[in-house]
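I opened this entry to keep track of what I looked up in one structure. I went from the whole chain down to single residues.

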Amino acid sequence: MLDPADWERFRADAHRALDDAIDYMRDVRERRVWTPVPDAVKERLSEAMPLDPAPFADVYAEFTQTILPYATGNIHPRWWGWVHGSGTPSGAIADMLAGAMNSNVGGRDHGAVYVEREVIGWFHALFGWPRSASGLLAIGTSAANLAAVLVARTKALGTAVREHGLDPQNARLTGYVSAATHACVRKAFEIAGIGSANLRVLPVDSDHRIDPGELSRAIALDRAQGLRPFFIVGNAGTVDVGAIDPLDALADLAQREQIWFHVDGAFGATAYLSERLRPKLYGIERADSIAFDFHKWLHVPYDAGCVLVRDGEMHRATFASEGPYITRMTRGIAAGEPWFTDYGPDLSRGFRALKVWFTLKEHGARKLASAIEINCDQAQRLAARLQNDPDFELVAGVELQIVCFRPHVAAGLDDATLDRVTDESVIRLQESGVAVISSTTIFGKRAMRVCITNHRTEERDLEVMLEELRRITRGAVAEARG
Ligand SMILES: Cc1ncc(COP(=O)(O)O)c(C=O)c1O
């Protein structure tokens, strides 16, 4: 009833949409990076639910007019905001093919399940993990970090916590992160019922790294008070500056203290694919769990995150559930144990793994690693240019692909005004359509932040951005001076 009445007509319309999508991706460099959504379009996109059918071609025409021109912009070579991957054409096609298959990858015995297992297995092998390890593709690293917190909670309290929840008797768990850790870990503690007040946030050193000595003292203090330290997070690339915590030292400490060691490697974990960058990340392979994204530095289209858990049994014990309607069989489509639904909160799950599988098959790990290395080199060159710049000064070292800087103090403005100029200049650059960068706070001061997680970026793109930002910032400084 919902299939096309005229398949040949649909074929023609669909081919046109595909051709347009390919042109759209090919010609991205010719367009503005970002265009704000006009009020008229916002209004158009808040209409009542359509009750009557419309031809596919009409719906597609509306999409091209009201949605497509107002994309985020992260497929553009001059997008360096937050940590967004830039996607790939074949990833988009894989997503379309997954849509055509419409597999439900919560479990059962069908091809998509084996693809997700294969993808997870590649990353177990990368980190040298045993076959007993487990993993799950998730929406992103936020969801993956939450899963890791929940598995560690099971390890600390046993599966009884699933039935009885946290009570005053067992709600004495404490976790440890650095101040540079992404806010989603805090959210995970809140969702897991542990409470963010029980997440100790330790100061970072001048390189934005956690100090294992401080961490050890914080754990001892909590133990002395009868609390139960259970979770340490190491960062493999902090969100603000891309710093890498001393992962080996954290692994040693966690082992000594018998505490779960989790690594948030949202983007940095995939740098482990590069032989050149891998030594920076040594220690990640000793983690009890790792959260990371395919949609960031491997450029798989959104969304595609992953959690890996060394102790597959503990992972399963955290999420496994049953019901007569999902009875496992030894044959037929209800066979195929283990089911992914037993490793996460969802029963119905899409075929995210296909676009990851396509990306790795088509490009291979070496080429993907080389794209990561190129971004790191670009960040180093940008930082070198900013070292003696008349308008800007670096405010953090560059470990991977993130460069943070702000208008030079020589601008003669006080800190609060420089903060305002920084934010205003970043916004004006975004509105110019020339490039997108974002802003953050580094040691209490606002900073411009260029995160080069982009396989399309060329050296000239960064030059164009810097000159436009210079022009904009000079204007904002002049305005601030009055
Ligand atoms: C270090 C770090 N952790 C976690 C996240 C959250 O990841 P996601 O946006 O995939 O949920 C990010 C996002 O940028 C991040 O950089």
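**Overall size.** I began with the radius of gyration. For 482 residues a compact globule would come out near 23 Å, and the chain has 24 Å, which agrees. I note here that the model is predicted. Along the principal axes, the C-alpha atoms fill a box of roughly 70 × 70 × 45 Å. I find 14 helices and 12 strands in the chain. Of the 482 residues, 44% count as buried. Among contacts with a separation of 6 or more, 74% are between residues 24 or more positions apart.

**Ligand shell.** Next I looked up which residues surround the ligand. There are 14 of them, and the closest are Gly140, Thr141, Ser142, His182 and Ala266. Sorted by class, the shell has seven polar, five nonpolar and two charged residues.

Is β8 enclosed or open to the outside? Five of its five residues are buried, so the strand is largely enclosed by the rest of the structure.

I then listed the pairing. β8 pairs with β2 in the antiparallel sense over five bridges, and Leu136 stands opposite Val307 of β8. Strand β7 (residues 289–293) also runs antiparallel to β8, joined to it by five bridges. There, Asp293 stands opposite Gly305 of β8.

**Helix α11.** For α11 (residues 312–319) I noted Gly312, His315 and Thr318 as the buried residues. Viewed down the helix axis they fall within an arc of 120°, so they line one face of α11. What do they pack against? The partners are β2 (134–138), α6 (141–157) and β8 (305–309).

**Helix α10.** I repeated the exercise for α10 (residues 247–257), where Leu247, Leu250, Ala251, Leu253 and Ala254 are buried. Their arc seen down the axis is within 165°, so these residues too line one face of the helix. Gln255 and Arg256 are exposed on the other side of α10. The buried residues of α10 pack against α9, β5 (228–235) and β6 (260–264). Just after the helix, Gln258 takes a positive phi of about 60°.

**Five-stranded sheet.** I also traced an open sheet of five strands, in the order β1-β11-β12-β10-β9, with mixed pairing. Its edge strands are β1 (79–80) and β9 (392–394), each of which pairs on one side only. Inside the sheet, β11 (residues 436–442) and β12 (residues 445–451) are antiparallel and share five bridges.

I kept the backbone angles for last. As a rule, most residues other than glycine have a negative phi, and most peptide bonds are trans. Where are the cis bonds I noted? One joins Tyr302 and Asp303, with omega about -10°. Asp303 lies in the loop between β7 and β8, two strands that pair with each other. Another cis bond joins Glu337 and Pro338, with omega about -5°. Pro338 is in the loop between α11 and α12 (353–387).

I wrote down two further residues with positive phi. Asn102 has a phi of about 50° although it is not a glycine, and its place is the loop between α4 (89–101) and α5 (111–126). His208 has a phi near 70° and sits in the loop between β4 (199–202) and α9 (212–224).

Is Asn102 buried or exposed? It has 9 C-beta neighbours inside 10 Å, and 12 or fewer is the limit for exposed, so Asn102 counts as exposed. His208 has 23 such neighbours inside 10 Å and therefore counts as buried, the cut-off being 20 or more.

Technical notes: Residues numbered from 1 in each chain as written. Predicted model: local features only at pLDDT ≥ 70, side-chain atom pairs only at ≥ 80, totals over all residues. Helix = DSSP H or I, 4+ residues; strand = E, 2+ residues; numbered from the N terminus. Rg over C-alpha atoms; globule rule 2.2 N^0.38 Å. Contact = placed C-beta atoms within 7 Å. Near = placed C-beta within 6 Å. Nonpolar A, V, L, I, M, F, W, Y, C, P; charged D, E, K, R; others polar. Arc of directions from axis to C-beta. Pairing = 2+ DSSP bridges.
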